[in-house]
Number of protein chains: 2
Amino acid sequence: MTQLPSDDERLARAALSRLMEPSDWIGLALVAVAGPFDALRIATGQMTAGHGLQAELLRTLDRETTTGTTQPLSDALERWAPRVKDLAPERDLAVVGRLGGALLIPGDAVWPAALADLGLGEPLCLWARGRFTDGIPAVGATVAVVGSRDSTNYGNQVTGDISSGLVQRGYCVISGGAYGIDAQAHRSALAAEADHVATMAVMAGGLDRYYPAGNEELLRAIASRGILLAEVPPGAAPTRWRFLQRNRLIAALASATIVVEARWRSGALNTAHHAAGLGRGVGAVPGSVYSANSAGTHRLLRDGSATAITDAAEAAELAGPVGTALEPGTLETLADHDGLGVDDLLLLDALPVRRGSTVDKLAIVAGIPVRSVLAGLGRLEAAGLAVPDAGGWRRGRRG
Amino acid sequence: MTQLPSDDERLARAALSRLMEPSDWIGLALVAVAGPFDALRIATGQMTAGHGLQAELLRTLDRETTTGTTQPLSDALERWAPRVKDLAPERDLAVVGRLGGALLIPGDAVWPAALADLGLGEPLCLWARGRFTDGIPAVGATVAVVGSRDSTNYGNQVTGDISSGLVQRGYCVISGGAYGIDAQAHRSALAAEADHVATMAVMAGGLDRYYPAGNEELLRAIASRGILLAEVPPGAAPTRWRFLQRNRLIAALASATIVVEARWRSGALNTAHHAAGLGRGVGAVPGSVYSANSAGTHRLLRDGSATAITDAAEAAELAGPVGTALEPGTLETLADHDGLGVDDLLLLDALPVRRGSTVDKLAIVAGIPVRSVLAGLGRLEAAGLAVPDAGGWRRGRRG
């Protein structure tokens, strides 16, 4: 188990997120092998990677990717070099901080555990704005509703019905903040009455600007009442590469991805394929066989990668039991466990409901080391699942 | 191998088809065990079933059905008795004959081999009108296009596009002759230019009347340019039971069943389930999630029993290689073999392409008895696959 992350690590990862593009496999492997501090030193030329580290880097890359290069690190160093002089992680953190945001990094209590399913592709960090301090909605309580930018009236109507129905069922609707289906999904989620975070937008560019400009008002509302996330630092432009990589985050953060409308070739299909690859549910909304905007969803239905979804109830069913069991009790109980690692689950089960228990006792009951209990209590407390009591800890209720 | 059926057998089966409802398991088992002649004698009270026959009947029923009665035959005899006095098979045959039709029975060269897939549920006979003398289109060249009676404009348009596209690809479009999707399927198939039989209607009532009356003109056109089939004799009313049983014939006669529009509960779904049970392809056309007429097709897509079909090419692909390979050569070669039994396939392969071969030689080459060669040659000749040549037989070309 890791300690709660330090401010230094936050600074290092902020810097790394500006140096390295999303899904930069060499960079991600370097961080995995050398840790964020040495990775940053190596990436910025302050330190040289030894033979042992280079060999381990190659082994890590071999295991998880096909890079097709024998000199991965030297290629990457060339790629990163031009950006070194622009590094100013304190400034980036300050920019986002002024917007009420923060940088989330692995190990944070609110870090979405579901992103670990991306393996080496797990992002280095997430820039966040909005209502994230109580935690990013767990994967089991999140459904992605995505689709093409040039949506039809039909697509907008279905998106609205599904999104508001999902929010009413306790889900958070996640999308990409784009025009068309995305915007409709966010808008309808915000319009539905809910105490929980109703919608979350994962952006392809930096969170200091609203892009696309026509969605500024909507994105502003999400930044205030929902959550905005981005893997790239403030000021980063939403490039095509970043759009495609952003899609993997949407897929990983949601228990199911519903494609409402998509043309034959569409970014929404890319998100759907990411979701399928991660073992998440994939849904596609049927439409007229004469609508080009349904050609992509029908393609998903035909190739067997998606389930036909015609309303919010079916979307919730695809997302998993949280959605089908509408009793709030069941929903909360399941949501409690969502996104927790094995040790934290053991610890959660060990926490007494009424009177607090000491760390030593918890370690014995949970069967995990004292340092794991300490680290886990930090995460569970941040998630509202553990509360200090009688000189020890007892169970809390999330949210 | 059986001999070509006699006129007496035709008379017996005509009578049996009036006595027994479609899928009367006791009746079908009785015919399977005792043969049509004794079955008719027993069914009409002219003969009593011995213990041995009754035991075999029970074994046959146990093997293929669950009847839930210990006295199956006596129950059935009671059921059949009231109809005995109305038996007039010669009259029925004459009625259909005056309409240019005939009674087809198993063993006839034009009997659709695909119906054997129904097992004990294979119909006792088929009353036929229209262009059936060159053979009922084989299962590999037939696609069923079915749907609800109260079709929408959307449903009609898709039906028309799929049906005419299928006919252009060499398929025969089969349907149920009802209002709505069925009528549109037949109409568009007839309107498409084709040398082959473009459409076939399997009716739930007798072929001496046009039902529903509003489709009279259409059904008359099918009787002249296509094929009308029914399991029930002239004069038989289209009851609900007969509609449901008729659906199994549509499913069995087609290599794939496409449901264009269907409500949540619809007879078309019944046809689709029959098709799935027979291992035939099942397709469903997507539509608006707000259309009640697409609720049934979406249901099929969701429960995984149907493939999404958006145009004729996809329907043809579902139906099998005949549809995907549009070269006429491939199409004919494959169609040649469709619907033939194992012995006839062996015989077909044994037929020389250029100069005729004798029956004795064919028996040796094919490895089947002389009597099977003789019976098979009758069927192959009727199908245009064998032609007399040089005192023997050579291969012909169907069509």
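## How the chains and domains meet

Me: How many salt bridges are counted between chain B and chain A?

Reply: Four salt bridges are counted between chain B and chain A, the term requiring a side-chain nitrogen of Lys or Arg within 4 Å of a carboxyl oxygen of Asp or Glu. This is a predicted model, in which local features need pLDDT of at least 70 and side-chain atom pairs count only at pLDDT 80 or more, whereas totals for chains, interfaces and linings use all residues. Side-chain values use heavy atoms, with hydrogens and water left out, while residues are numbered from 1 along each chain as its sequence is written, and chains are lettered from A and ligands numbered from 1 in the order in which they are written.

Me: Why are Glu314(B) and Arg302(A) called a salt bridge?

Reply: Their side chains meet at 3.3 Å, N to O, which is inside the limit for an Arg nitrogen and a Glu carboxyl oxygen, so the name applies. The pair crosses between chains, running from helix α12 of chain B to helix α11 (residues 295-302) of chain A, where a helix is a DSSP run of H or I with at least four residues, a strand is a run of E with at least two, and both are numbered from the N terminus. Arg302(A) also forms a salt bridge with Glu317(B), the closest N and O atoms being 3.3 Å apart.

Me: Which elements give two or more residues to the side of chain B that touches chain A?

Reply: They are α6 (153-168), α11 (295-302), β9 (307-308) and α12 (312-319) of chain B, and α6(B) gives the most, with four residues.

Me: How do you know how much area chain B and chain A bury between them?

Reply: The size of an interface is often given as the accessible area lost when the parts come together. Here the value is about 1,600 Å², 60% of it on carbon and sulfur atoms, taken with a 1.4 Å probe and summed over both parts. Val289(B), Tyr290(B) and Arg302(B) supply 43% of what chain B buries against chain A, more than any other three residues.

Me: How do you know that the copies meet through the same surface?

Reply: Of the interface residues of chain B, 100% are also interface residues in chain A, so the copies do meet through the same surface. In contact, meaning heavy atoms within 4.5 Å, are 19 residues of chain B and 19 of chain A.

Me: What is the count of salt bridges between domain 1 of chain A and domain 2 of chain A?

Reply: An automatic or database assignment divides chain A into domain 1 (7-87), domain 2 (113-321) and domain 3 (340-395). One salt bridge is counted between domain 1 and domain 2 of chain A.

Key
Buried area = accessible area lost by both parts, 1.4 Å probe.
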